[in-house]
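Work through the following exercises with the sequence and the model side by side. Each task is followed by a solution in steps.

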Amino acid sequence: MKRSVRPVWSSYRKWMANLLPLLCWVPFAVGGIVLFQEGLRTLAFVAWALVPLAGWFGINLFGLYQNEAMKRELHSLRPADAKLVRFVGIATPRHRSLLDAHEDVGWLILEEDSLRFVGERKRIQLAKNEIRSVRFRPNVHSLLGLGRWIAIEGTHEGKRFLLRVEPREHKTLRANRKEGARLLDELRAWLAQGAVRGR
């Protein structure tokens, strides 16, 4: 069945992933101003103290707006027989965006001697023997304890490459951060097995 031409990783979803967390903390900030102007300074400072907490929860809960829906909509791209498949967001070094750090969303696929990404817009394939390291790197959510990249680095046709990957298997950023630790272990175990020779 042909998938709808409406983009899955749309500007609307990127905007909502930024705006909904704002709605969690802005009322406390505005309320603090109103309370302060009314002379209720203690309550105002309480409201302001809740701003970072509300912001953290807002980003954690809504930073992956409609993530489950995107997984369903891109399910037709998911291979059924791969060794390991994870729903992820990725970014290449050229990607620059104020809306979202993820350039594309789709499926990270580990095969016996290669790693593939199959997304809505991008297709990437890297031979196992071209990959030199996989490690964590910080991203925009790292200071909040809500995110980090898995950086896949190596050399392809004499040129260095970097593919940044972040799991999107779960509804919240915090749960996906934990998923990232498991994925890094799986990638390192996969690399340690060595590439299949003779292909």
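The model is predicted: local features need pLDDT of at least 70 and side-chain atom pairs count only at pLDDT 80 or more, while totals for chains, interfaces and linings use all residues. Residues are numbered from 1 along each chain as its sequence is written, and side-chain values use heavy atoms, with hydrogens and water left out.

**Exercise 1. Determine the strand order of the open sheet and find which strands stand at its edges.**

Step 1. Strands (E, at least two residues) and helices (H or I, at least four) are DSSP runs, numbered from the N terminus. Two strands pair if DSSP finds at least two bridges between them.

Step 2. The order of the seven strands is β4-β3-β2-β1-β7-β6-β5, with antiparallel pairing.

Step 3. β4 (123-127) and β5 (131-137) each have a single partner strand, so one side of each lacks a neighbour in the sheet.

Step 4. On average, neighbouring strands are turned by 30° against each other, direction ignored. Axes here are lines fitted to C-alpha atoms, for helices over the stretch in contact (heavy atoms within 4.5 Å). Angles run from 0 to 180 degrees between N-to-C directions.

Step 5. Helix α4 (residues 173-192) lies across β1, β2, β3 (114-119), β5, β6 (149-156) and β7 (159-167), and runs at about 165° to β5.

**Exercise 2. Describe the partners of β1 and state whether its faces are buried or exposed.**

Step 1. β1 (residues 84-91) pairs with β2 (residues 104-110) over seven bridges, in the antiparallel sense. Four bridges join β1 to β7, also antiparallel.

Step 2. V88 has G106 as its bridge partner in β2 and stands opposite P167 in β7. L84 stands opposite L110 in β2.

Step 3. In a regular strand, side chains alternate between the two faces of the sheet. In β1, L84, R86, V88 and I90 are on one side, V85, F87, G89 and A91 on the other, and all are buried. Buried means under 20% relative accessible area, exposed over 50%, and partly exposed in between (1.4 Å probe, protein chains only).

Step 4. Because eight of its eight residues are buried, β1 is largely enclosed by the rest of the structure.

**Exercise 3. Identify the residues of the nonpolar surface patch.**

Step 1. Patches are made of residues with over 30% relative accessible area and no salt bridge; like charges are joined within 9 Å, nonpolar side chains (Val, Leu, Ile, Met, Phe, Trp, Tyr) within 5 Å. Areas come from the Shrake-Rupley method with a 1.4 Å probe; for residues, only the protein chains shown count as cover.

Step 2. W15, L19, L22, W25, V26, V30 and V34 make a patch of about 570 Å².

Step 3. W15 is found in helix α1 (residues 11-37) and is partly exposed, at 47% relative accessible area.

Terms used
Salt bridge = Lys/Arg side-chain N within 4 Å of Asp/Glu carboxyl O.
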